[in-house]
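Hi,

Here is the model I promised to pass on.

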Amino acid sequence: MGAAPRERELEKAWRQHQPERARVPLEARRAVREFKARIAPDADRISARSREVRFSSSMIGRRRARLGGNGNCSASEKRLPLPRLTVRAALYS
Amino acid sequence: MWLEPRAQLVRIDHPSFQQNCVLVVGAVGSRVPGTIRWSFPIVEAPDHALARMHQRSPNIDATVALYEAAISFLRADRNVVETARVEGCTVCLPAGPGLLLSLLIGGLDLESKMRLIARANTFVVAEMAEPDQRPVQAAIDSSQSVLAAVNQVR
C-alpha cells in the first residue's frame, strides 16, 4: 500500500529539494514580474480608495459620536461622497 | 475581488514564507454603491508558485486562474476545508488548466481578526496531477461554504 498523500508530497518535496531542480526558468520569473507590474496599478487604486472609505467612515463615526445618540447628523453629512471601487469578479456569478 | 502584489504575508520564520506574493482579496459591498464594508484575504500565491504556473502553462491568464482558485476556495465545503487544515493536508484549487496545491492557514491577523487563507505551494497542470489530487469539494448548501464561515467571523 502506498504512502498517504501528505507523506507522499513531503517525500516528493524533499526529493525535489535540489537547488538546480527547484529553480524556475528565467522566462517564468520574468512573466511573474510582468504579471505583478500589470496588476499593481489597480491594486494601488483600490488600496488608496479603500483608505478613503475608512477615513470617510471614521469621520461619520466621529461626527455621530459628537452629536450623541444614534447619529443625528445632517442629511448632507449622510451623503458624504464615498469613492467608487471597481469590482473585478463576482462571487457565485 | 482584486489582486494585490504583496511582501511576506504570513509571519513565520521560514524562507518559504518570506517570499513576495500575489494576494487575492475579497470584499463585501455596502449599501452605498461602489463602496466596501470590509475586505478579507482569500488566496496567497507566492512568487515560486506563480513562476511554476507560468513555467508549466506558459500561455496562462494568471488573473483568471487566480480568481478561479479563489472562487473555488470560497465555495468549498467548510468542513472539508477545516479537516484539511487541522490535518495539514493540501487542498487542490482549480486554476485555469491546472491546480494550485495549497496549504490552509488559519489565525489572527494584526487587527486580531480571524483569517483563513489558502496558500499555494505550487501549480501543476491537470496531466501532472496524481489520481487523488482532485479539486476541493464544493459545499452542496452555500451556508456550509467557506464564504459563509468567513462571513460569520468577520
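Starting with chain A: its accessible surface comes to about 7,200 Å², and carbon and sulfur atoms account for 53% of that. (Accessible areas come from the Shrake-Rupley method with a 1.4 Å probe, and for residues only the protein chains shown count as cover.)

Before the rest, some housekeeping. This is a predicted model, in which local features need pLDDT of at least 70 and side-chain atom pairs count only at pLDDT 80 or more, while totals for chains, interfaces and linings use all residues. Residues are numbered from 1 along each chain as its sequence is written, chains are lettered from A and ligands numbered from 1 in the order in which they are written, and side-chain values use heavy atoms, with hydrogens and water left out.

Back to chain A, which has four helices and zero strands, so along the sequence you read α-α-α-α. (Helices, H or I with at least four residues, and strands, E with at least two, are DSSP runs numbered from the N terminus.) Of its 93 residues, 19% are buried. (Buried means under 20% relative accessible area, exposed over 50%, and partly exposed in between, with a 1.4 Å probe and protein chains only.)

Now the salt bridges, each a side-chain nitrogen of Lys or Arg within 4 Å of a carboxyl oxygen of Asp or Glu. Over all chains there are five.

- A:Lys36 pairs with B:Asp47, with 2.7 Å between the closest N and O atoms. Since A:Lys36 sits in helix H3 (residues 26–67) of chain A and B:Asp47 in helix H1 (residues 47–56) of chain B, the pair joins two chains. A:Lys36 is buried at 14% relative accessible area, whereas B:Asp47 is partly exposed at 24%.
- B:Arg119 and B:Glu44 meet through their side chains at 3.2 Å, N to O. B:Arg119 belongs to strand S6 (residues 114–125) of chain B and B:Glu44 to strand S3 (residues 36–46) of chain B, so this bridge ties together parts 75 residues apart in sequence. B:Arg119 is buried at 2% relative accessibility, and B:Glu44 is buried at 1%.
- B:Arg85 bridges to B:Glu82, the closest N and O atoms being 2.9 Å apart. Both lie in helix H3 (residues 78–87) of chain B, three residues apart, or about one turn of the helix. B:Arg85 is partly exposed at 31%, and so is B:Glu82 at 34%.

Next, helix H2 (residues 62–75) of chain B. Its end C-alpha atoms are 20 Å apart, in agreement with the 20 Å that its 14 residues should span at 1.5 Å a residue (the expected span is 1.5 Å times one less than the number of residues). Ten of the 14 are buried, so H2(B) is largely enclosed by the rest of the structure; among them are B:Leu66, B:Tyr67, B:Ile71 and B:Phe73. B:Asp61 caps the N-terminal end, with a side-chain oxygen 3.2 Å from the backbone nitrogen of B:Thr63.

Also worth a look is B:Glu4, in strand S1 (residues 2–6) of chain B. B:Glu4 is buried at 13% relative accessibility. Not counting residues up to four places away in sequence, B:Glu4 touches A:Ala43, B:Cys21, B:Val22, B:Leu23 and B:Val25 (contact means heavy atoms within 4.5 Å).

Cheers

Methods. Polar contact = N/O pair within 3.5 Å; in protein donor to acceptor, adjacent residues only side chain to side chain.
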